[in-house]
Structures are given as structure tokens and as C-alpha cells.
Amino acid sequence: GNEHGELLLHDVSKGTCVTKFVPNSPSTVKAVQFSPHPKRTSWAVSGHADGRVILWDVQEQTMKFHFQEHKAQCSALCFSPVNPQLLVSVGIDKKVVFADVDIRKVVKEVPLEAPLTALSFLEDGKTIAVGSSIGSILFLDLSRDKQSLVSQRLDSAHS
């Protein structure tokens, strides 16, 4: 991605830009992720400085859908490794946003206590790790109900 909000697809063997995806309004791309699922390997998602999250189909060269639940920069995003429908994003606005890409809808938002900067799924798809700007790593157990969603917190030893 670039500062104009464009998602650029490069052919690394030739060193050239093959395709450029242009959103309706420009905003710097801050995060990009491809879907790991076999039937959706042509799907890429981009997170933007204005809080937008855009799902692209790079094979069809189309925008599948977008949402703007983040009120500040979307800093990281990730597809579930086991559920091809689930897309998760985090942002500087302190929110974790869960979207169902099949119904093209945000299904849950979880507010946390600090700006969020990193995100990763555990291989089983039941736990996500969320990094914050204050040096904390929060582990969210997705198999639990909302009240016990945050199951463990690790604080940086260098805070």
C-alpha cells in the first residue's frame, strides 16, 4: 500500500507492479493481509489511516466491501486461520473489531484500555494476541463469552 490509499500488487519475479487497487477516497495504507484460506487466496484486506478496512479480491480486481468502525488509524488486521468468514482488526482508537466477510458486516466490537498496534491469531483460531502502545499484550479467548473475553494480560518489563 501507499500514502494515497492504493493497494499495489507486485510481481516479485519481474520486480514490477502488476495491479493497482484504488479506493474511493485516499488514506494511507497502514496494514495489509492476504487470506490464508484455499478458496479465498485472492482476497486481501487493507487497513487505513482514516480507520477504514477494505476487503479486495485481487483476482477479480474489485473491492468486496469496506467498513469504518475504527474512529482512528487501523493499525493491524488478520483473518482467522480456521474460520474463513472471520476478519479481525485493531486500531489506535482502542477497539478490536470483528467482521463477517460473507455477510459483509461488523459483528462485534471490543473496547480496550489503550491504543492497539498489533494483532495475531493463535493457530487454533480461538485466541488472539493484541499489542498496545503502552507495551501490553492482551490475550482474548474467543471461545468465551463477552464478559470474560480478555483472559490474560502481559505487561512489558521495560514500562
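1. Read along the sequence, the pattern is β-β-β-β-β-β-β-β-β-β-β-β-β-β. That comes to 14 strands and zero helices. Strands (E, at least two residues) and helices (H or I, at least four) are DSSP runs, numbered from the N terminus.

2. On the source: this is a predicted model, in which local features need pLDDT of at least 70 and side-chain atom pairs count only at pLDDT 80 or more, while totals for chains, interfaces and linings use all residues. Residues are numbered from 1 along each chain as its sequence is written, and side-chain values use heavy atoms, with hydrogens and water left out.

3. Overall figures. The protein has 159 residues, and 44% are buried (under 20% relative accessible area, 1.4 Å probe, protein chains only). The accessible surface is about 8400 Å² (Shrake-Rupley method, 1.4 Å probe). Carbon and sulfur atoms hold 50% of that surface. Of the contacts (heavy atoms within 4.5 Å) with a separation of 6 or more, 34% join residues 24 or more positions apart.

4. The largest nonpolar core has 16 residues. A nonpolar core here is a set of buried Ala, Val, Leu, Ile, Met, Phe, Trp, Tyr and Cys residues joined through side-chain atoms within 4.5 Å. Val88, Val96, Leu119, Ile128 and Val130 have the most contacts inside this core. Two or more residues each come from β7 (74-79), β8 (86-91), β9 (95-100), β11 (116-121), β12 (127-132) and β13 (137-141). Another core, of 15 residues, lies apart from it; Trp43, Val45, Cys74 and Leu87 are among its members.

5. Ile128 deserves a look. Leaving aside residues up to four places away in sequence, Ile128 touches Val88, Val96, Phe98, Leu119, Ser120, Phe121, Leu138, Phe139, Leu140 and Leu142.

6. Strands pair if DSSP finds at least two bridges between them. Five bridges join β3 to β4 (residues 43-48). Phe34 stands opposite Ala44 in β4.

7. A further open sheet of four strands runs β7-β8-β9-β10, with antiparallel pairing. β7 and β10 (105-111) each have a single partner strand, so one side of each is left without a neighbour in the sheet. Here the twist averages 20 degrees from one strand to the next. β9 and β10 are joined by six bridges. Asp100 stands opposite Lys105 in β10.

Terms used
Buried < 20%, exposed > 50% of the residue type's maximum accessible area, 1.4 Å probe, protein only. Axes fitted to C-alpha atoms, helices over the stretch in contact; angles between N-to-C directions.
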